[in-house]
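Open the model in your viewer and keep the selection tool ready. This tour goes stop by stop.

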Amino acid sequence: SFSNAQVIKPGRCPVPAVQEKFDAAQYLGTWYEIQKLPNTFQRGECSTATYSLNSPGVVGVLNRELLSNRTVSAITGTAVSKDPTEPAKLLVSFFENSPPSPYWVLSTDYDNFSLVYSCTDLGVLHMEFAWILSRKPSLSEETLEDLCSTLSSIGVSLDKLQTTNQDADYCSAMHQ
């Protein structure tokens, strides 16, 4: 569907500030997706991301979502930080032969929210992704507004953000 078109914009990727002193250990565990920029690789609702420590410096990624046919789709990958001075700038790989994607944690308090941004330069254009994540299936309006204002400040079109259905009844199949 057109609404799942990836966001492609003119010019090069912005280089936003990221979370200072990012601590991957505190980031581990499960996060619920609250809002996202559309992308072609997520088709479902009730989306969660669970991070675990695979080995020193390598974070395991498990993304789960509920498809419209009520089956749960899962994909696993790994995330590594290439530069120890900027630990919040991760590279995530899901498939052996595909290039890794940036996963930049712009802001997190580890206990409630995380704001993730990803951008890839395509010559004179760039393709961007963003996710607003929460430790719970919902997030306070105030926090959501703060995170949206951060996205807006780096040029993200807020009208393109999609809200993920995290309704407990609808998402019950995720826990079976």
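**Stop one: glycine 60**

Select glycine 60 and show what surrounds it. Leaving out residues up to four places away in sequence, glycine 60 touches Thr50, Tyr51, Ser52, Asn54 and Gly77. Contact here means heavy atoms within 4.5 Å. Glycine 60 sits in strand β4, residues 58-66. Helices (H or I, at least four residues) and strands (E, at least two) are DSSP runs, numbered from the N terminus. Buried or exposed? Glycine 60 is buried, at 5% relative accessibility. Buried means under 20% relative accessible area, exposed over 50%, and partly exposed in between, with a 1.4 Å probe and protein chains only.

A word on the model before moving on. It is predicted, so local features need pLDDT of at least 70, side-chain atom pairs count only at pLDDT 80 or more, and totals for chains, interfaces and linings use all residues. Residues are numbered from 1 along each chain as its sequence is written, and side-chain values use heavy atoms, with hydrogens and water left out.

**Stop two: the cavity**

Select Phe22, Ala24, Tyr27, Leu28, Tyr51, Val59, Val61, Ala79, Leu90, Val92 and Tyr103. These residues line the largest cavity. A cavity is a set of points, on a 1 Å grid over the protein atoms alone, where a 1.4 Å probe fits but cannot get out; a pocket is an open set with protein on both sides within 12 Å along at least five of seven lines; lining residues have an atom within 4 Å of a point. The largest cavity holds about 60 Å³ of space. Grid points are joined across faces, edges and corners, and a volume is the space filled by probe spheres set on the points. How many cavities of 30 Å³ or more are there? The count is one. α1, β4 and β6 each give two or more residues to the lining of the largest cavity. By class, that lining has eleven nonpolar, no polar and no charged residues. Ala, Val, Leu, Ile, Met, Phe, Trp, Tyr, Cys and Pro count as nonpolar, Asp, Glu, Lys and Arg as charged, and the others, Gly among them, as polar.

Beyond its neighbours within four places in sequence, tyrosine 103 is in contact with Tyr27, Tyr51, Ala88, Lys89, Leu90, Val92, Val116, Tyr117 and Leu133. Now widen the view to the largest nonpolar core, which has 40 residues. A nonpolar core is a set of buried Ala, Val, Leu, Ile, Met, Phe, Trp, Tyr and Cys residues joined through side-chain atoms within 4.5 Å. Which residues have the most contacts inside this core? They are Tyr27, Tyr51, Tyr103, Ile132 and Leu133. Color β9: this strand gives the most to the core, with six residues. Another core lies apart from it, of five residues, among them Cys46, Leu66, Cys171 and Ala173.

**Stop four: the pocket**

Select Phe41, Asn63, Phe94, Ser101 and Trp131. Of the 32 residues lining the largest pocket, these lie nearest its centre. The pocket volume is about 770 Å³. Its lining has 18 nonpolar, eleven polar and three charged residues.

From Trp131, step to glutamate 33. Glutamate 33 touches Trp131, and also Gln42, Ser47, Ile132, Leu133, Thr164 and Gln166, not counting residues up to four places away in sequence. Glutamate 33 is in strand β2, residues 29-36. Glutamate 33 is buried, with a relative accessible area of 4%.

**Stop five: the cysteines**

The structure holds two disulfides, each a pair of cysteine sulfur atoms within 2.5 Å.

- Cysteine 13 to cysteine 119: S to S is 2.1 Å. The torsion about the S-S bond is about -90°, so this disulfide is left-handed. Cysteine 13 lies in the loop between β1 and α1 and cysteine 119 in strand β8, so the pair ties together parts 106 residues apart in sequence.
- Cysteine 46 to cysteine 171: S to S is 2.2 Å. This link is left-handed too, with -85° about the S-S bond. Cysteine 46 is in strand β3 and cysteine 171 in the segment after β10, 125 residues apart.

Cysteine 13 and cysteine 119 are both buried; so are cysteine 46 and cysteine 171. Last, select cysteine 148, which is in no disulfide. The nearest cysteine sulfur, that of cysteine 119, is 18 Å away. Cysteine 148 is buried, with a relative accessible area of 13%.
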